[in-house]
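This report describes selected strands, helices and side-chain contacts.

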Amino acid sequence: MFPFKWMWENMKGHRKQFVTSMCLVVVMALLQLANPTVSRQIVDRILVPVDGNSQTGLLLPLVALLIGFTLLRTGIGYVMVILAEKSSSGLAANIRAAIYRNLQRQDMSFYDKNRTGDLMTRLTGDLDMVRHMASWDARVALESLVLFFSVLIYFLCTDVLFTLALCVILPAIFFISFTYSRKVRPLYQNLREKLSVMNSQAQENIAGNRVVKAFAQEDYEIRRFDERNADYRDANLKATYYWLKFYPFIEFAAQSLTIVVLLVGGLFVMNGRITLGDLMAFSSLTWTFANPVRLLGNILNDTQRFMASANKVIELYYTRPMIVDRADCKNAGKKVEGRITFDHVSLKLSGQELLHDISLDIAPGETIAIMGNTGSGKTMLASLIPRLYDISGGSLSVDGVPVKEWDLKSLRSGIGMATQDVFLFSDTVDGNIAYGDSSMSEDEVKHFAEISAADFIGRMDDGFDTLVGERGVGLSGGQKQRLALARALAVKPSILILDDTTSAVDMETEKFIQHSLNTLDFPCTKLIVAQRVSTTKKADRIIVLKDGCISEIGTHEELVKLGGYYTEICTLQEAVDLPESTTEGGEQ
């Protein structure tokens, strides 16, 4: 019952509409008795009078009453549907907004473990199933319940024996329906998982379409999607076929009620036990008696789909991040100054130790370069400072305050990041650069674009108003890196983290960017993750990571003399014609 309680809690602001619609459902169901009752009077008093005295004067009033009840039901039904749709849409909007807020606060580890396609399935298909339960299934279930018991009472008041004859087959229908309900739930859970996998496959290939085309793997990806699509189709058919095994029995039982009415009712009319009007009323109400029974299977069917979907949505709704503001967090609203202290820091993720015993003191305004082979922990080390991940051991402080005691917004607003995987929003160039401060003036945007060597913007058709495609489609790697750098600099951070930000630019552009970084008009501590010696050699200190530990530390001159990893990198890069091999490909 928890999913229904959860739905009610999230219907805040729309509960009156929902309750009103449910009350109208009850009124609608009770009004179903009106027409058969009036028709019964027409037959027994006018067409086939029981006492032989036809009261023809009642015909027009009774017909008018029939028309009035029909119009009343139509009007009530119209209002009922509108209120049900409004309340269910409001419910879905409330849940969607709450989940989106929750997703914005999740840790990086959450996104490491969850597929984008699965998250989108929960926010769309699964949530729509929750809305469908509130707008349709709840209404149909209540209507069926009220209809069944109101008609049952009506029948009992008319003739008990006739009613018992109709009820003989009901236990069999209920047994079949609940047997189906118990066994079909795992099928719908599997169906939902197949849909999630298919959506993840589609999302991944749409996002990586360039890679697919570059390797001419369109046919391969089509085959992979066809497999996922076929799995989803088969799971859907399996659930449907399972329902069809039970459907004929339920439908036969429901239809047999009409036969019982004709046979038993006809016999009772001939024996004088009931009137022809009573038989007509029984016959008219048979569908209202049988329909709830018939719909029971459909309602149970939808309920199982709802439970499978609701559990996934609820899981996402209640997932809480581990990295949050402490109740006693400090420095709320205070600007970061830029001192960073690693004291025997270690980091473990999924049982694997990625960083071990890192000790480092970085003064405000100092430039630190971080090098190391692939997987040595460079990006993870930089990600600990804004608390994208939390340390597993040791202590990490910013301005002498442990990062866990900082207010997250104050901490992160003082840090500018240009990540290794450049992400640009589907917005204008201006909007992407000013993302961290939407109130930034046009002149400031142009200034940060200039110091980031983003001169290519002037050659675009609409300049800074040019719309950037999703994830920067249409821009070269170097162009995206320079926009990301401009975005990081635009917030005038006290700490600037650049993760391989100039790997795709040519040497001349890199030299210009380095000069700009060295002559910033605001104080800034810089951590630069790079593999080019030309990027790191002018840093105040260079750190070399190996297997998650600091293996070398010092200035360019000191590390060259040391004869370790850094010396090998210098020797290797000096032997390569770098200007020819690192120019931007595809720059426009």
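Two strands are counted as paired if DSSP finds at least two bridges between them. The model discussed here is predicted.

**Strand β8 and its neighbours**

By that criterion, strand β3 (residues 367-372) and β8 pair in the parallel sense, with four bridges between them. Within this pairing, Ala369 has Ile528 of β8 as its bridge partner. Strand β7 (residues 495-499) also runs parallel to β8, and five bridges join the two. Here Leu496 stands opposite Lys526 in β8. Between β7 and β8 the chain passes through helix α17 (residues 507-518), and this β-α-β crossover is right-handed.

**Helix faces and a surface patch**

Helix α1 (residues 2-9) has Pro3, Trp6 and Met7 buried. Viewed down the axis of α1, the buried residues fall within an arc of 100 degrees, so they line one face of the helix.

A nonpolar patch on the surface is formed by Leu59, Val63, Ile67 and Leu71, which together have about 340 Å² of accessible area. Ile67 belongs to helix α4 (residues 59-104). With 49% relative accessibility, Ile67 counts as partly exposed, since the exposed class requires over 50%.

**A buried glutamate in a loop**

Glu405 sits in the loop between β5 (401-402) and α13 (408-413). Its relative accessible area is 17%, so Glu405 is buried. Lys330 is 75 residues away from Glu405 along the chain, yet their C-alpha atoms are separated by 5.8 Å.

**Salt bridges**

The whole structure contains 16 salt bridges.

| Glu221 | Arg224 | 3.4 Å |

Glu221 and Arg224 both lie in helix α10 (residues 218-270), three residues apart, or about one turn of the helix. An α-helix has 3.6 residues a turn, so residues three or four places apart point the same way. Glu221 counts as buried at 15% relative accessibility, whereas Arg224 counts as partly exposed at 21%.

Glu227 is partly exposed, with a relative accessible area of 46%.

What does the pair of Asp361 and Arg339 tie together? Asp361 lies in strand β2 (residues 352-362) and Arg339 in the loop between α11 (276-318) and β1 (340-349), so this pair ties together parts that are 22 residues apart in sequence. Asp361 is partly exposed at 39% relative accessibility, and Arg339 is partly exposed at 33%. Elsewhere, salt bridges with shared partners join Glu85, Asp128 and Arg131 into one network.

Terms used. Residues numbered from 1 in each chain as written. Predicted model: local features only at pLDDT ≥ 70, side-chain atom pairs only at ≥ 80, totals over all residues. Heavy atoms only, no water. Right-handed = clockwise from strand over helix to strand, strands pointing away. Buried < 20%, exposed > 50% of the residue type's maximum accessible area, 1.4 Å probe, protein only. Arc of directions from axis to C-beta. Patch = residues over 30% accessible without salt bridge, like charges linked within 9 Å, V, L, I, M, F, W, Y side chains within 5 Å. Areas by Shrake-Rupley, 256 points an atom, 1.4 Å probe, with all protein chains shown as cover. Salt bridge = Lys/Arg side-chain N within 4 Å of Asp/Glu carboxyl O.
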